[in-house]
Amino acid sequence: MVQKQSAKVYNISEPPSLMGISILPMRCSLCNFDKINVMARIAVLGAGMVGSAIAKTLSTKHEILLLDINAERLKTIGSNKIKTLICDLVNAEQLTNAIASADLVLGAVPGHLGYDVLKTVISAGKNIVDISFFPEDASSLNALAKKNKVIAIHDCGVAPGMDNIILGYHDRTMKVTSFKCMVGGLPVKKNPPFDYKAPFSPIDVLEEYTRPARLKIKGKIITKPALTDIETIKVAKLGNLEAFNSDGLRSLLKTMKHIPNMVEKTIRYPGHAKQMEWIREMGLLSKKNIEIRGHSFRPLDITSKLLFSQWAYKPGEEDFTYMIVIVEGIEAGKKIKYTYTLYDQYNKKTKMSSMARTTGMTACAATELVLSGNFNKYGVHPPERLGASAHWVMHIFQYLKNHGITYNMKRKEI
């Protein structure tokens, strides 16, 4: 009979050696990327909450050109360190001309624009790190990227993003049998009736409630409606939260097909999932056009427009990000469970939202990897590929810690 060990908690940026097993390298010569003098011209596409956070962070070291079609938004962000340009990002010719002098592009556009923008950037021969949550399969652009000698990393945010990187690392060091990620960004202060605000485009949030969720159960991919299988999460500093199925596994269903069990869920305050299910069942999230007084509308567009004012964060309004990543499997002949947790809150000093920071800083860390030449393989890469090297993983965790974002890890024999 195997005696169970109590779980031990570690700060990821200072990883231990447990029972003779090196979880991550104790010292990493690649981790101080902020000290490497690699200055570049970076074009950031999209001046929303996440795009602006990325631009401000990278501008401390690099030349930044921030592109968006919204002139008013650009005016509030532009500075001596951040140059701005009004650009229709869906216009391929206009975008190609705008990024002509860039060393690297960072994509932070709404999901419905993401795939076409990614394709344009790759066609222009520019390396890109992208966080756009688009429904299309990014790997379909792999041949184009290789032909144009482009490095493209997609879905490089907090989730998808960091959870993929964590799984990618453990997939190299153990036989993974189960993976589960639960994540969400919420306002610190509840705001009835939805108790939710959107840190990015509301229409992208609504996609999480309509897109069928693909899960991996006992070796088979199954599909369930979004918002289903609600479970309660008890968090000491937050009280009860709920988690429900959403389609966040994405590339993992291809790259990690050997793992028999994988689940991704979205976290909200209790009751939100049922509210959104009612709205969905009423047809208010439908993409099919309806006729009203001779005009054609998509209910989704109307609902998104109506919710925008209710779900928009006010200046200085605080949010938090909470994520749990659980990886189980066989390591050195023993059944091991790793649990990673992230709790991050609005940064009052920089006035950056937590979701913008946790998403954007992951993309920034990947950007530094590409610019330094440490990640240099042509093609389209999902974020789990960054887990292939312990040094890359350590760099990312250290970069996040340098910006006040800390992941904790528990390792437990089960």
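**Salt bridges and strands in a predicted model**

Biologist: Which residue forms a salt bridge with Lys 348, and how far apart are the closest N and O atoms?

Modeller: Lys 348 forms a salt bridge with Glu 318, and their closest N and O atoms are 3.5 Å apart; please keep in mind that this is a predicted model.

Biologist: Where do Lys 348 and Glu 318 lie?

Modeller: Lys 348 lies in the loop between strand E19 (334-345) and helix H11 (354-372), while Glu 318 lies in the loop between helix H10 (299-311) and strand E18 (319-331), so the pair ties together parts that are 30 residues apart in sequence.

Biologist: And is Lys 348 buried or exposed?

Modeller: Lys 348 counts as exposed, because its relative accessibility is 61%, whereas Glu 318 is partly exposed, with a relative accessible area of 22%.

Biologist: How many salt bridges does the count come to?

Modeller: The count comes to 21 salt bridges, and one of them joins the side chains of Glu 231 and Lys 180, with 2.9 Å from N to O. That pair links distant parts of the chain, with Glu 231 in strand E13 (residues 231-235) and Lys 180 in strand E10 (residues 175-187), 51 residues apart.

Biologist: Which residues are linked in a network with Glu 231?

Modeller: Lys 180 and Lys 265 are linked with Glu 231 in a network of salt bridges.

Biologist: What about Arg 268, which residue does it form a salt bridge with?

Modeller: Arg 268 forms a salt bridge with Glu 208, where the closest N and O atoms are 3.6 Å apart. Arg 268 belongs to strand E15 (residues 261-268) and Glu 208 to helix H7 (residues 202-210), so this pair ties together parts that are 60 residues apart in sequence. Both Arg 268 and Glu 208 are buried.

Biologist: Changing topic, what is the order of strands in the open sheet?

Modeller: The open sheet has seven strands in the order E6-E5-E4-E7-E8-E9-E20, and their pairing is parallel. Strand E6 (82-86) and strand E20 (379-381) stand at the edges with a single partner strand each, so one side of each is left without a neighbour in the sheet.

Biologist: How many bridges join E5 to E6?

Modeller: Five bridges join strand E5 (residues 63-68) to E6, and Asp 68 stands opposite Ile 86 in E6.

Biologist: Do E11 and E12 run parallel or antiparallel?

Modeller: Strand E11 (residues 213-217) and strand E12 (residues 220-224) run antiparallel and are joined by five bridges. They form a hairpin with two residues between them, and Lys 218 in the turn has a positive phi of about 50 degrees.

Terms used. Residues numbered from 1 in each chain as written. Predicted model: local features only at pLDDT ≥ 70, side-chain atom pairs only at ≥ 80, totals over all residues. Heavy atoms only, no water. Pairing = 2+ DSSP bridges. Helix = DSSP H or I, 4+ residues; strand = E, 2+ residues; numbered from the N terminus. Salt bridge = Lys/Arg side-chain N within 4 Å of Asp/Glu carboxyl O. Buried < 20%, exposed > 50% of the residue type's maximum accessible area, 1.4 Å probe, protein only.
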